[in-house]
Amino acid sequence: MIRFVHAADIHLDSPLVGLANYEGAPVERLRGATRQALGRLVDFVIAQRVPLLLIAGDVYDGDWQDFNTGLHFNRQMIRLAEHGVQVVMIHGNHDADNVMTRRLPTPENVHVLDHKAPETLVLDELGVAVHGQSFATRAVTQNLAAGYPPGRPDLFNIGLLHTALGTAGYDPYAPCSMDDLLAKRYEYWALGHVHEHAVLHKDPHIVFAGCVQGRHVREPGAKGCVLVEAEGRHVKVTFHPLDVVRWDVVHADVSGAAEPEEAVQLWRESFEVAMERAQGVSLACRAVLTGRCRAHSVLQKDAGSTAALVQNAAAEASRGSAWIEKILVQTGPEIDFQELARSDTPQGDLLRFVDQCAEDPEAFAQLEADVTALAGRIARTGAMVPDFDDPDERRRIMHEARDLILPRLAEGEEG
């Protein structure tokens with residue numbers, strides 16, 4: 001049986017983004033999260049008694065601030081050497097050859113595949129051939145996989161590649177297609193660059209290990225490595241989590257909540273489910289409150305109080321092991337819009353006009369002067385200007401305006 005561990009995107013010493021300003025957040029622990037995840041990776045490899053670790057790029061997040069980053073990585077690799085583990089790795093876009101100005105020799109058990117051309121490392125004692133190529137520059141736009149050699153029929157062939165493989169949301173570095181990889185007739189493709197674990201193809205297996213530690217809220221869920229066990233044509237891939245802090249987005253429908261405390265209690269119930277899902281891993285999460293409720297106005301107006309209530313709920317439920325990255329109050333007023341739209345009131349007139357603008361491009365065009373001025377103001381802030389020609393975006397904007405204006409008009413009448 002051939003056994004190895006496939007990891008990628010360690011981004012050693014990369015900071016976790018969004019928590020440094022949080023009251024009570026353990027900044028030092030969070031700063032060292034990627035180091036702890038690397039330590040857990042090494043612990044797992046040793047515990048599984050596998051002879052080979054593959055790292056598919058982006059060991060480092062960029063050029064080192066000092067040599068401590070490289071020294072720490074080498075110390076972990078020496079731990080593997082003491083257990084007879086070989087390490088084969090490539091560099092990706094973050095630690096490409098022209099990015100790194102500081103370097104240290106790697107331990108003898110670590111093999112970094114060349115950046116000038118595809119290289120094959122044959123491990124005769126394991127019956128394995130590893131084919132791969134490091135990045136020479138940060139932005140590699142050519143198809144590296146096309147230059148990889150065909151698989152050797154007498155060995156278990158592994159392709160080590162840093163690529164998006166067409167995955168949306170990632171820079172299209174080392175672009176290639178599934179057919180490009182299948183044509184090489186390898187038994188396994190160990191991919192990096194995409195931070196979500198995914199098995200894209202079986203027989204042969206084409207696998208993204210994902211990153212070992214999520215670094216911000218756009219990388220939610222468990223992060224880790226995969227254990228690969230192969231016997232003949234049968235390949236088994238098992239994901240193993242390594243992250244020490246897990247990112248999540250916790251939504252709660254707080255419809256009907258009369259008071260902010262009631263709304264936050266509903267959010268806490270969703271948060272407790274997320275805690276169970278994390279299975280003991282510390283959580284860093286974004287809180288999102290949605291739905292129509294009487295508490296909407298206070299939740300929106302008193303952002304400081306809302307934030308404190310949410311943070312307190314998270315601290316109590318997690319016993320201090322979870323932190324809030326951001327709080328988004330996306331609630332709406334508890335208003336019967338259909339009844340209001342039928343009423344002969346100024347609010348009814350306004351609602352009918354807003355609904356017409358949301359659905360009718362010609363009606364929306366009547367706002368052209370104001371919308372153009374608004375777009376200019378948004379652009380000057382550096383934020384993304386909404387696409388007012390997109391029907392869904394136009395509808396969203398008008399409905400947000402409706403939810404913001406109508407409750408204030410109602411409050412003015414009551415006063």
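Leaving aside neighbours within four places in sequence, which residues is Val112 in contact with?

Modeller: Quick ground rules before the residues. This is a predicted model, with local features requiring pLDDT of at least 70 and side-chain atom pairs pLDDT 80 or more, while totals for chains, interfaces and linings use all residues. Numbering starts from 1 along each chain as its sequence is written, and side-chain values use heavy atoms, with hydrogens and water left out.

Now your residue. Once its neighbours within four places in sequence are set aside, Val112 is in contact (heavy atoms within 4.5 Å) with Met89, His91, Thr106, Glu119 and Ser134. Val112 sits in strand 4, residues 110-112; strands (E, at least two residues) and helices (H or I, at least four) are DSSP runs, numbered from the N terminus. Val112 counts as partly exposed because its relative accessible area is 33%; buried would be under 20% and exposed over 50%, with a 1.4 Å probe and protein chains only. For a sense of scale, take Val112 and His240: they are 128 residues apart in sequence, and their C-alpha atoms are 24 Å apart in space.

Stepping back, the protein has 12 helices and 15 strands. Its C-alpha atoms fill a box of roughly 85 × 50 × 40 Å along the principal axes. Of its 415 residues, 47% count as buried. If you take contacts between residues at least 6 apart in sequence, 71% of them join residues at least 24 apart.

Leu53 shows who meets whom here: beyond four places in sequence, Leu53 is in contact with Val5 and Ala7, with Leu41 and Val45, and with Leu80, Val85, Gln86, Val87 and Val88.

The axes of helix 2 and helix 3 come within 9 Å and cross at roughly 15°; axes are lines fitted to C-alpha atoms over the stretch in contact, with angles from 0 to 180 degrees between N-to-C directions.

Helix 5 (residues 260-278) and helix 7 (residues 303-318) bring their axes within 9 Å and cross at roughly 40°, so helix 5 and helix 7 are oblique to each other. In helix 5, Pro260, Glu261, Val264, Trp267, Arg268, Phe271, Glu272 and Met275 take part, and their partners in helix 7 are Leu309, Val310, Ala313, Ala314, Glu316, Ala317 and Ser318.

The peptide bond from Asp203 to Pro204 is cis, with omega near 5°, and Pro204 lies in the loop between strand 9 (198-201) and strand 10. His205 is found in strand 10. His205 is buried, as its relative accessible area is 9%. Leaving out residues up to four places away, His205 touches Glu187, Tyr188, Trp189, Val199, Val235 and Val237.

Two non-glycine residues with positive phi are worth a glance. Asp9 has phi near 50°, and it sits in the loop between strand 1 and helix 1 (27-31). Asp9 is buried, because its relative accessible area is 1%. Arg49 has phi of about 55°, and its place is the loop between helix 2 and strand 2. Arg49, though, counts as exposed because its relative accessibility is 74%.

Notes
Angles under 35 degrees count as roughly parallel, over 145 as roughly antiparallel, 65 to 115 as roughly perpendicular and the rest as oblique.
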